[in-house]
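Colleague: I am new to this one. Can we go through it piece by piece?

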Amino acid sequence: MPIHYYIYQACVLFSIGVAGVLTRRNAIIIFMCIELMLNSVNLLLVAFSKLHYARAVAAGAAPTTGTEAQLFVFFIMVVAAAEVSVGLAIIVMMYRNVHNVDINFLNRLKH
Amino acid sequence: MTNFLHYAWLIPSLPLLGFLINGLLRNKLSKTVSGGIGSAVILASFLLSLYFFVQVKNGNTYTAHYFDFISVGQFSIPFAFQIDQLSSLFLLIITGVGFLIHVYSTAYMHHETAPHFARYFAYLNLFVFSMLLLVMGANYVVMFMGWEGVGLCSYLLIGYWFKNNDYNNAAKKAFVMNRIGDLGFLVAVFWMMQVFGTVDYAGVFKQLPGSIPTSAIVGITLCLFVGAMGKSAQIPLYTWLPDAMAGPTPVSALIHAATMVTAGIYMIARSNVLYALAPTTMTVVALVGLATALLAATIALRQNDIKKVLAYSTVSQLGYMFLGLGVGAFTGAVFHVMTHAFFKALLFLGAGSVIHAMHHEQDMRHYGGLKKYLPITHFTMLIGCLAIAGIPPLSGFFSKDEILIHAFAANPLYYVAGIAGALMTAFYMFRLYTMTFLGSHRGHNHDEKPHESPLAMTVPLMVLAALAVGAGFLGIPELFAHQAHLLQSFLHPIFEKGESIMASYSHHQHPSHNVEWALLAGSVGLIVIVIFFAIRKFSKFTISTGQPSKFAQLLEGKWYVDELYDAVIVKPLLRFGGFLNTVIEKSGIDKAVNGIGKFVQYSSRQMRLLQSGNVGNYVLIMVVALIIIIRIILYN
């Protein structure tokens with residue numbers, strides 16, 4: 001499959017994530033949208049990694065060439081997992097306090 | 001063995017010590033103690049001065065260098081005292097007359113409460129300290145310190161009765177007028193540093209006459225003279241001195257007659273070498289002195305306040321001294337300073353005794369016939385009046401004659417004007433004498449007879465009277481006896497250089513003995529006539545209700561010089577200040593400052609609205625901003 005498909009796919013996913021963050025008020029849904037954005041980036045990283053690997057091997061380079069991006073994907077996953085655990089804890093605490101997960105509900109700093 | 005003159009610092013330190021004791025412990029000391037300390041320190045200074053004078057007379061002059069004030073590269077200003085003929089003479093006058101006046105004050109000020117009494121003596125001691133610093137300094141900077149110190153003490157003592165607002169205003173006036181003069185002095189000192197690279201008397205005079213341009217010397221001497229105008233009350237800065245009579249009478253005697261006001265003459269006499277090289281300045285000095293002598297004498301003719309008459313008389317006599325300096329009679333001017341210190345202090349103290357007896361009445365129209373109540377005061381005052389009028393053989397005759405003869409040699413017109421002033425002097429002094437002591441008593445209170453003052457007041461009067469009679473014999477002119485002018489030969493080392501420089505360009509012919517005899521006889525004759533005329537005119541004085549003539553009103557109004565200054569300088573200055581206050585300050589500076597504050601408040605109130613508290617908005621702004629940043633990065 002040509003690389004364009006992956007790029008388009010990642011762009012669409014990312015845009016959906018951004019739109020979701022901007023438009024939704026439910027904290028959990030915003031979280032999910034953030035995950036979506038992170039994963040669109042992961043997808044792009046893996047796709048380019050594969051592309052470079054194929055080209056480098058065809059040109060006779062070492063078989064480890066172009067695999068660094070895949071390492072980054074794991075990093076992002078780990079960080080995302082940590083972030084989710086903290087973020088969900090915050091949302092739980094928020095729900096306990098105000099019985100709501102609407103982010104616009106927490107605007108008392110303005111006053 | 002070190003030179004004993006190195007201990008010159010003791011002379012000013014003693015009055016400083018007296019000042020500290022009286023000033024710091026004024027609430028604890030009794031009147032007897034504070035008055036005693038105040039007088040004793042001056043007496044000690046006087047005895048030391050006497051010893052130093054004898055040393056100097058034996059040819060032992062000395063410059064005592066103590067430490068350096070300022071030392072920058074090649075340039076240094078030392079703190080040093082110079083004990084020579086001129087300064088030792090002034091030391092004697094200051095401490096001697098000062099001591100007598102301190103003693104007099106213990107009685108005159110006795111009605112004050114103890115703390116105020118001690119405050120008075122503290123100020124008086126501080127004054128003597130500053131004055132000693134002024135005359136002992138070996139350079140212009142030390143002199144300037146004393147110069148400022150005496151100005152301060154003069155201010156403090158004029159405003160001694162600080163509850164009276166008029167007195168405070170008089171004190172402020174004196175201070176401001178003096179400051180104007182001081183500025184001239186300061187400019188001269190800086191100029192001297194630039195031109196000569198030193199401010200030491202010895203260092204400056206050593207370079208003269210030399211390559212220094214005449215224009216610089218004229219400038220320096222004129223600036224110095226501005227300082228002298230302020231301190232010694234010459235036109236145009238003389239108006240503070242008559243107002244300074246607000247202070248206690250002994251203060252007027254010490255500061256505003258005998259010592260401080262002669263600081264200008266001392267300074268010019270000290271700088272005689274500089275002045276001799278600036279003929280333009282000499283002419284200015286002579287003319288200003290002459291004009292002041294005449295103007296003040298005319299004003300004195302119509303004053304009714306006994307102290308005001310003496311004040312204008314002082315201004316007038318100072319004018320004579322400047323005339324003497326201006327025509328190169330340095331010795332004559334210093335001689336007149338000395339004799340004037342004696343007879344004017346005597347007259348002021350006598351006036352103080354009269355005021356004391358009359359319960360602080362100063363208007364001569366309410367005196368009269370005091371001769372029989374105040375015999376000692378009357379007799380000593382008569383001597384003072386005769387001395388200032390110039391009747392031989394009293395001291396004023398010799399000193400004034402010396403100045404006038406030199407003026408005649410320089411320009412006969414000076415002499416004519418000088419004699420006119422001398423006649424006016426005789427007239428107003430005997431007007432004062434007659435209105436006070438002769439005729440019938442015109443006091444308000446006929447039940448209570450005036451009484452003679454206590455011994456502490458009359459003894460200084462008698463001593464000063466003796467000095468006023470005898471001091472003249474120190475300067476017997478060449479006309480009467482050969483080589484009898486003791487003062488001239490004593491001061492010769494100081495004025496030698498200046499006089500020789502003067503002689504090199506001026507061709508003043510000293511008048512022949514016959515001319516001199518004629519002038520002397522003529523002037524004395526005229527003065528005697530004027531005196532008898534004044535006595536006849538005022539012995540039957542009654543308070544007239546009629547309107548005085550226009551000219552008399554002009555004199556009584558002091559030529560309206562104060563009003564002129566008020567209209568030309570003070571009022572425009574106040575108006576300008578008002579303009580700065582209302583326009584520049586209120587609507588300019590204040591508005592700008594407040595405007596900045598208001599702008600910040602307004603703009604922050606607007607910016608606050610950006611913080612909506614809505615997370616969605618923040619995210620949106622973040623995304624938009626990121627897009628913009630990425631775009632900028634990618635396409636630049």
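Modeller: Gladly. Bear in mind that this is a predicted model.

Colleague: Is α1(B) roughly parallel or antiparallel to α4(B)?

Modeller: Helix α1 covers residues 10–24 of chain B, and helix α4 covers residues 114–136 of chain B. Their axes come within 8 Å and cross at roughly 160°. An angle over 145 degrees counts as roughly antiparallel. So α1(B) is, relative to α4(B), roughly antiparallel.

Colleague: How do α5(B) and α6(B) run relative to each other?

Modeller: Helix α5 spans residues 140–158 of chain B, and helix α6 spans residues 165–196 of chain B. Their axes come within 8 Å and cross at roughly 175°. The cut-off is again over 145 degrees. Therefore α5(B) and α6(B) are roughly antiparallel.

Colleague: How many charged residues are in the contact of α5(B) with α6(B)?

Modeller: From α5(B), the contact includes Tyr140(B), Phe144(B), Trp147(B) and Glu148(B). From α6(B), it includes Tyr167(B), Phe175(B), Asp182(B) and Met192(B). The contact has 14 nonpolar and three polar residues, and the charged ones number two.

Colleague: Which residues touch the most other members of the largest nonpolar core?

Modeller: That core has 208 residues. Two of them touch the most other members: Ala345(B) and Ala468(B).

Colleague: What does Ala345(B) contact, leaving aside its neighbours within four places in sequence?

Modeller: Several contacts of Ala345(B) are alanines, among them Ala253(B), Ala257(B) and Ala258(B).

Colleague: Which residues does the second, separate core include?

Modeller: This core has five residues. Among them are Val18(A), Ala27(A), Ile30(A) and Phe31(A).

Colleague: What does Ile28(A) touch, not counting residues up to four places away in sequence?

Modeller: Ile28(A) lies in helix α2, residues 27–58 of chain A. With 13 C-beta neighbours inside 10 Å, Ile28(A) counts as partly exposed. Its C-alpha atom is 7.9 Å from that of Leu88(A), 60 residues apart along the chain. The residues that Ile28(A) touches are Ile91(A) and Val101(A).

Colleague: Where are the cis peptide bonds at Pro236(B) and Pro393(B)?

Modeller: The bond from Ile235(B) to Pro236(B) is cis, with omega near 5°. The bond from Pro392(B) to Pro393(B) is cis too, with omega near 0°. Pro236(B) is in the loop between α8 (214–231) and α9 (240–243) of chain B. Pro393(B) is in the loop between α16 (375–389) and α17 (395–410) of chain B.

Colleague: Is Lys558(B) buried or exposed?

Modeller: Lys558(B) sits in the loop between α22 (550–556) and α23 (561–608) of chain B. Its phi is positive, about 60°, although it is not a glycine. It has 20 other C-beta atoms within 10 Å, and 20 or more counts as buried, so Lys558(B) is buried.

Colleague: And what does Trp559(B) count as?

Modeller: Trp559(B) is in the loop between α22 and α23 of chain B. Its phi is near 60°, a positive value in a residue other than glycine. Because 14 C-beta neighbours lie inside 10 Å, Trp559(B) counts as partly exposed.

Colleague: What share of the residues of chain B count as buried?

Modeller: Chain B has 24 helices and two strands. Its C-alpha atoms fill a box of roughly 115 × 65 × 55 Å along the principal axes. Of its 636 residues, the share that count as buried is 50%.

Conventions
Residues numbered from 1 in each chain as written. Chains lettered and ligands numbered in written order. Predicted model: local features only at pLDDT ≥ 70, side-chain atom pairs only at ≥ 80, totals over all residues. Axes fitted to C-alpha atoms, helices over the stretch in contact; angles between N-to-C directions. Helix = DSSP H or I, 4+ residues; strand = E, 2+ residues; numbered from the N terminus. Parallel < 35°, antiparallel > 145°, perpendicular 65-115°, else oblique. Contact = placed C-beta atoms within 7 Å. Nonpolar A, V, L, I, M, F, W, Y, C, P; charged D, E, K, R; others polar. Core = buried A, V, L, I, M, F, W, Y, C linked by C-beta atoms within 7 Å. Buried ≥ 20, exposed ≤ 12 C-beta atoms within 10 Å, placed from the backbone.
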